[in-house]
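Open the model in your viewer and keep the selection tool at hand. The stops below say what to pick and what to look for.

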Amino acid sequence: MDAVDDRDANAGVQPENTILSWLSTAADLPPNVKFVITCRAGGPAVRQFRRARAAELAEVAFGVNADRVQDDLLAYTRAALPGRPSLERRLVAKADGNILYLAMLFRQLDLLRSESAEDYLTRTLDSIPNGLRPLYAFFIGRTRAMVEDVMVPVPPGFTPAWPALCRPVLGMLAIAQASVSAATIRSLAGLPFEPHWVEQALEWLAPYLERSESGYRLYHGSLGDFVVSAETARDHPDCYLDSDRLNGELVDRTVRAYGLARRWLAAPPYVRQFMATHAVRSSRLGTLVGDPLYLVAAQPDRLLAATSRSAEPAVRPYAKIYRTAVSWMRNQPAEVAGAYLAMHAQRLGENGFADVLARTIDLAWRQLWTYWRTPGGYAVLGSHRSDITAVTLLTSDGRDLIVSGDAAGVQRVWDPIAGEPAAPPRQSACTPIRCMTSLPGVPSGVIIAGGDTNEIEVWDVGADEATIHRLDGDAGVSALRAVRIGDATLIAAGRHNGDLLVLDAATMRPVAEPFHAQRTVVISVDLTLLDGNLVTVSTGTFGMKVHDVRTGADLERDVDLDEPLWSVATIGGPGSTHIAYDAGVGHFGIWDIATRSLVLGPLGAHPGGLTTMVAGPEPGTLVTGGFDNAVRVWEISSGRRLRNLEGHSSAVTGVCAGLAAGRPVVGSVSRDRTVRVWLDVGGEDDDQLSRVVGTSAVTIWHAGTDVYLIHAEAGDIVVRSLADGHGAHVLTDALGTDGIDPFPKIADDAIGGRAGGYMMITRSFGMAGGTYFDVDELRVGTVLGRSVLAAADYNFIVMFDLETGLRFGRALAGFTDFAAMCFLYQQDSRDDDDSHTIVACIDKGGLVWLWDAASGRPLMRAANAGLGRVEAAQFFAFSGRTLLVTATREMIEFHAPFDDLPPPPQPAVPFAGAVSVAARDFAGRILVAAQGKDWSISIFENGLQTLSIDLGTEATSMQFTERELLLVGTDRGVAVLDVRFFDDGGVYDDET
């Protein structure tokens, strides 16, 4: 890359968007990637680059008088003027080491008509200036003089050719981003001349141009740089062209021609591809992107680059809409691209923008509203080349920063508010870095790091100075925590051999003798006070332990689970006795080491396991990260999940939390090697629907005239009123806060967690979420006059009273590999006023199970319905009967398992690999929905496919409603599809 070209090409845009600036702050380059950077003159960006990459930079200087440079110029001259030795040396001397000087000179000689090049040079060589820039000015002056007396017609008269024709053509070519045709030049430059006059101007300017099939361009970028540079305005004002004015006038003309007339879709390719670049250079991008039709017509990559470079505040809201929609818009017809753009505008609350777009273009489809979960307001600060092992917050010279460290020993400093690196990468003496902590109360900011050696590095971030402190023994440092208690700042250091050591940060000397805290490696550690004595709380491969620092004694106030626990954190500030600890299998609990009692939980937090936790950014909160790639914020007093922060693509390996510029923030690192920051995470997420994650089951509840959407998300069951689209309450709030539900024990592995000898399902349905109880289907029925919700898992069914949220009856168990369930209503022949509600279930082996819903008493166990292996199934009502639709590996079929009548005369449907299926009777029309492994949903009526919808994600659950709406639970939330919408041309009525 040419560093000067890079700088000049980005003139007027944000400086951090230049390649050179990026290289100055980027992570270490992979060994197979190298940059060769050329530069004639250094500037601030080059000097910054030299300082930042000094250790990796090999710099070579080439003088213009170097023998190899002179030999190259001589060889080039001899090829152009063979047999003219008398001129060779004189021409090379004038070039001053620049081969472009000779190239420009010989291009001018090629156009001589009246004499030979040798004669011309012999006669005029002394008058031709030295150096490339004076040469450009010399020949442009000759061209101007050549056409000085030419007049070109502009009705009703004539005008001089140079200022009115040649100069605008040269200006258009100087700012052009690609080759342009004569017709495009005439149009974009707004020239009022007949086309042949534009062709004539291009012929006059031929020495400066290259011509190809695609059009004209300047022979070299240095000529364009010359005519628009400030130096030219000073030294050669007759040659100067104001690029800001040229770009601005070009954008204004284009907007008048295509924007005001709403003709962006008819604009020439150059306009659609490059106008955004011209707009950002003239600070007019807001004018373009505020026009929805332009966003539909523009070339995506150029427009994305322009929006990232623009500093105009007016651009930001439109750029946000475009960035979220562009991946859906690519390679689509205008009417489809516009529909996606309108949908994403509504998603971001820009309904006015969507309405303007709908009035501007005939959209392929339009929705009344759009509302779905967004990723959660994070910024990717950057990445590391190696696995990131630690992250922490600190304040350095008044700036609140995030510091990350990796397995290669590289530390990076980030500004979470600006969303960018705050300093170049630094190589730590600890390689690999296993743990880091920041010293509280140090104005310049100090980071303590440990690794596989017996050393601790103390890095003063503000002064950029580091010292190494060697510890006794050979064991490495596996965990660090710095806490200010009273007037002292203390550092707890856990080691690979299970030892713990507490140091005074002022002297880096031990405050007591080391002691053995864990049987093997110390995974995490914290410091607090207990009865006025300093104690450590640590986790390891066999649970959580509490030790007196002065004596090293085990205080036996621990939680011993005989399994690895990954993290521990003191909640409530230094000196608090409330400890958040990893309770295993993705749960966390709050343990009071003073009373040896469980204060809260264990609560399900992260399916697959919890990896890290810290005290939250606000008092009374906790932040956790897990193997499910998520970061979550919790309210300790109630166990409520306040924030579900998603964005990482792999397991979260570290979190930090605190205030940055007074704003509550959470920083996170992951095995995906990225560092992310979540801003303004205080309080509870206002967008309740944003908490819909991993929806595994969905249904509708009609309560009188009210309609509720019920769905399962990450172990929670949530009931949402559809009256306002937002109202929601989480089931089983009334079950208490201890997370223990004492129903009869089935088997330890039935749900995946246990505490106090009881099965844990309360938090599976409650506010914490994230346990191993995965809800596969939800059904609403009436039992003893109450509205009851049944929730089915792999091998049992639990019911809830929808009016109170309390558990209803017993758990229904015995089957394995659940497929489908329903409520059946049986009239008692002895009493016309008495009826019984039955819960029916079929498993994937084709076995039927029945229970009395009120008592939980089994009525039928493992009856063979003769169905064979079932991949997906669903019960549905038909003419007073309960039918079953099943999907095997090859077919979709209908069955009547609860009566002796044959199923309706519906043909079997060939369908391979169904992962979900649903059916419903609509006045004798049976509609079937099935999703295959390609994620598309097919709709069948009377055995014939009528529709295919590409959902773009897996459907975990599907149900039809009475109005031909299809509810779909997906790993992205709940989708609601109106199958009539696709049949009638895509037009909603207001009622729908």
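**The whole chain**

Start with a surface view: the accessible surface of the chain comes to about 43400 Å², and 50% of that belongs to carbon and sulfur atoms. Accessible areas come from the Shrake-Rupley method with a 1.4 Å probe, and for residues only the protein chains shown count as cover.

This is a predicted model, where local features need pLDDT of at least 70 and side-chain atom pairs count only at pLDDT 80 or more, while totals for chains, interfaces and linings use all residues. Residues are numbered from 1 along each chain as its sequence is written, and side-chain values use heavy atoms, with hydrogens and water left out.

Switch to cartoon. Of the 992 residues, 51% are buried. Buried means under 20% relative accessible area, exposed over 50%, and partly exposed in between (1.4 Å probe, protein chains only).

Select β7, residues 399-406. Here 6 of the 8 residues are buried. Strand β6 (residues 388-396) runs antiparallel to β7, joined by 8 bridges; two strands pair if DSSP finds at least two bridges between them. Find Thr392, opposite Val403 in β7. The β6-β7 hairpin has 2 residues between its strands, and Asp397 in the turn has a positive phi of about 50°.

Move on to β8 (residues 410-415). It pairs with β7 in the antiparallel sense over 4 bridges. Ser404 has Arg412 in β8 as its bridge partner. This hairpin has 3 residues between the strands, and Gly409 in the turn has a positive phi of about 85°.

**An open sheet**

Next, show β27 to β30. These 4 strands form an open antiparallel sheet in the order β27-β28-β29-β30. Its edge strands are β27 (610-615) and β30 (641-646), each pairing on one side only. Between β27 and β28 (residues 621-626) there are 5 bridges. Met613 stands opposite Thr624 in β28.

**Rings**

Which kind of pair do the rings of Tyr340 and Trp365 make? Their centres are 5.2 Å apart and their planes lie at 85°, so the pair is edge-to-face. Rings of Phe, Tyr and Trp (its six-membered ring) pair if their centres lie within 6.5 Å; planes under 30 degrees apart count as stacked, over 60 as edge-to-face and the rest as tilted. Tyr340 is in helix α20 (residues 334-347), and Trp365 is in the loop between α21 (351-360) and β5 (378-383).

Finish with Phe815, Phe818, Trp849 and Trp851, which ring pairs link into a cluster.
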